[in-house]
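This report describes one protein chain, part by part. Please look at the sequence and the structure shown below before reading on.

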Amino acid sequence: MSGEDAPAQQQNAVDQKQETKPNEEPKAEPPKTESAPEGAAEAAATPAATTEKVPEEETFTYRALVLTGYGGYDKVKLQVKKGKPALKAGEVLVRVKACGLNFADLMARQGLYDRLPSPPVTPGMECSGVVEAVGEEVTDRKVGDKVMVLNRFGLWQEVATVPASHTFLIPEGMSFEEAAALPVNYITAYMMLFDFGNLRPNQSVLIHAAAGGVGIAATQLCNTVKDVTVFGTASASKHETISQGGVTHAIDYRTKDYVEEVRKISPKGLDIILDPLGGSDTHKAYNLLKPMGKLITYGAANMLAGQKKNLLAVAKNWYHQFSIHTLSLIQGNKSVCGFHLGYLDGETELISQAMNTILDLYKQGKVKPRIDSTWHLEQVGDAMRKMQERNNIGKVILTTEPMPEEEKKEEAKKEDKKEDKKKEDKKKDDKKKDDGKKEEKKDDKKKEEPKKEEKKEEEKKEEAKKEEK
């Protein structure tokens, strides 16, 4: 599916043509095809120039993940795109090495994320790679620079054009996987804790999904401030890891009421709560705040239930949506903030300041992205499933490195098994339906029996009446 053979064949054909053509400077006119009239060829001042454009414009191919429609994991498909992306002034062309998977990407697949354009579209808000070309007016980036990229969408592909201001130089020693894991999670955590939260020594913070990308980033950032108490929710199997990472009190949200657990340790409540859940959990978070406490809400993960959009979960989340009167805020001495990195894409200076601080902390060894797993583009469905089912500890990464043939064969076998299982499940379902219909017929037959008996009795009575007469 890589489409790597096709460009090579086209390139060879072009090279053969060029051997008989003079080598001249290309013009900014569209390339002529072989089917063009002879007169057009004679009229062209530089016939070789049009041929030279063919490799770049027609034979350049790259793989891209495309959201083809809203729904399950199979809606994100790996496709081959043709034509080299055009560079505008102020942009750079990046050869992508690794991409980050975020919760927003899962919501986008179900049509629950409004910052992604309608399908078909390539998702992806962060990646890392190498600059291959720079557009006009770009002065602070050059070909060969290793960069991480933050963009609204369009980064889950082998090459991407982005504004140079959306790129950040990768520090020495940082891997492409770490670089792809850093922008969204760490900028989100940093701006919530320090710009909104004004985190200071001796304060307490509640971090939901403490084993996720934002959760681990927030925990590490809390540890850069003296004597901060971190409460973190996660399933029990992840407690050892998040405790080693800096969580002071790990809470199993599946078996315990986290509100009660927090109250046992901190009866007065908490200084800062990061809420990615929404719905009724936002109400709980507000009630857990101390006076002068801050609630920062940055998601609605409770809306995500299953592969496809769950209307009941969406409706329930909206029904329990948190709202409050300003008078209550005044009397409670509390603040509620909303954060959405996707709507800050125009705030370049603000984002750059946060990123520069984060990169300084990385260089000092105070923060470091934790990679849960790395998946090939062909495995995007499995990668999304792992994250959506909350089986990750840290960041889930997609690599653009082509999948080895052996792995492709293994994946094909897995897909065959999945298809076989689907067929078996369908057979079982059909059998259940057939059995159900048979049972219904039996029940109907049983119900009909008494009626037939009654009818026979009536007929006997009628016959008896006739005999009497």
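## I273 in strand β11

I273 counts as buried, because its relative accessibility is 0%. The model is predicted. I273 belongs to strand β11, which covers residues 270-275.

Leaving aside neighbours within four places in sequence, I273 is in contact with L206, A285, L288, L289, K294, L295 and I296. For one of these, L289, the separation is 16 residues in sequence. In space, the C-alpha atoms of I273 and L289 are 7.5 Å apart.

## I251 in strand β10

Strand β10 runs over residues 249-251 and includes I251. Is I251 buried or exposed? Its relative accessibility is 5%, and therefore I251 counts as buried.

Not counting residues up to four places away in sequence, I251 touches F231, G232, T233, A234, H239, Y258, E261 and V262. H208 is 43 residues from I251 along the chain, and the C-alpha atoms of the two are separated by 9.5 Å.

## S204 in strand β8

S204 is part of strand β8, residues 204-207. The relative accessible area of S204 is 6%, so this residue is buried.

With neighbours within four places in sequence left aside, the contacts of S204 are T229, F231, G269, L270, D271, I272 and K290. F231 is in contact with S204, and F231 is also touched by I251. Two other contacts of S204, L270 and D271, fall within strand β11 (residues 270-275).

## Strands β1 and β2

Strand β1 spans residues 61-67, and six of its seven residues are buried, so β1 is largely enclosed by the rest of the structure. Its partner is strand β2, residues 76-82, and the two pair in the antiparallel sense over seven bridges. Within this pairing, A64 stands opposite Q79 in β2.

## Cavities

How many cavities of 30 Å³ or more does the structure hold? There are three. The largest cavity has a volume of about 50 Å³.

The lining of the largest cavity is made up of A181, N185, Y186, G212, G213, I216, P369, R370, G394 and K395. Helices α6 (183-196) and α7 (213-222) are the elements that give two or more residues to this lining. By residue class, the lining divides into four nonpolar, four polar and two charged residues.

## Cysteines

A disulfide is a covalent bond between the sulfur atoms of two cysteines. How many disulfides are counted in this structure? The count comes to zero disulfides. C127 is in no disulfide, and the nearest cysteine sulfur, that of C99, is 5.7 Å away. A pair would need sulfur atoms within 2.5 Å to count as a disulfide.

C127 counts as buried because its relative accessibility is 0%. C222 counts as buried too, at 1% relative accessibility.

## Backbone exceptions

Most residues other than glycine have a negative phi, and most peptide bonds are trans. Where in the chain is there a cis peptide bond? A cis peptide bond joins P119 and P120, with omega at about -5 degrees. P120 is located in the loop between α4 (103-109) and β4 (126-134).

N198 is not a glycine, yet it has a positive phi of about 50 degrees. N198 sits in the loop between α6 and β8. At 40% relative accessibility, N198 counts as partly exposed. M292 is not a glycine either, and its phi is positive, at about 75 degrees. M292 has its place in strand β12, residues 289-297. With a relative accessibility of 59%, M292 counts as exposed.

## The chain overall

The chain contains 15 helices and 15 strands. Of its 469 residues, 45% count as buried. Among the contacts in the chain with a separation of 6 or more, 69% are accounted for by residues 24 or more positions apart.

Terms used
Residues numbered from 1 in each chain as written. Predicted model: local features only at pLDDT ≥ 70, side-chain atom pairs only at ≥ 80, totals over all residues. Heavy atoms only, no water. 1 Å grid on protein atoms, 1.4 Å probe; cavity = no way out; pocket = protein on both sides within 12 Å on 5 of 7 lines; lining within 4 Å. Points joined across faces, edges and corners; volume = space filled by probe spheres on them. Helix = DSSP H or I, 4+ residues; strand = E, 2+ residues; numbered from the N terminus. Nonpolar A, V, L, I, M, F, W, Y, C, P; charged D, E, K, R; others polar. Buried < 20%, exposed > 50% of the residue type's maximum accessible area, 1.4 Å probe, protein only. Contact = heavy atoms within 4.5 Å. Pairing = 2+ DSSP bridges.
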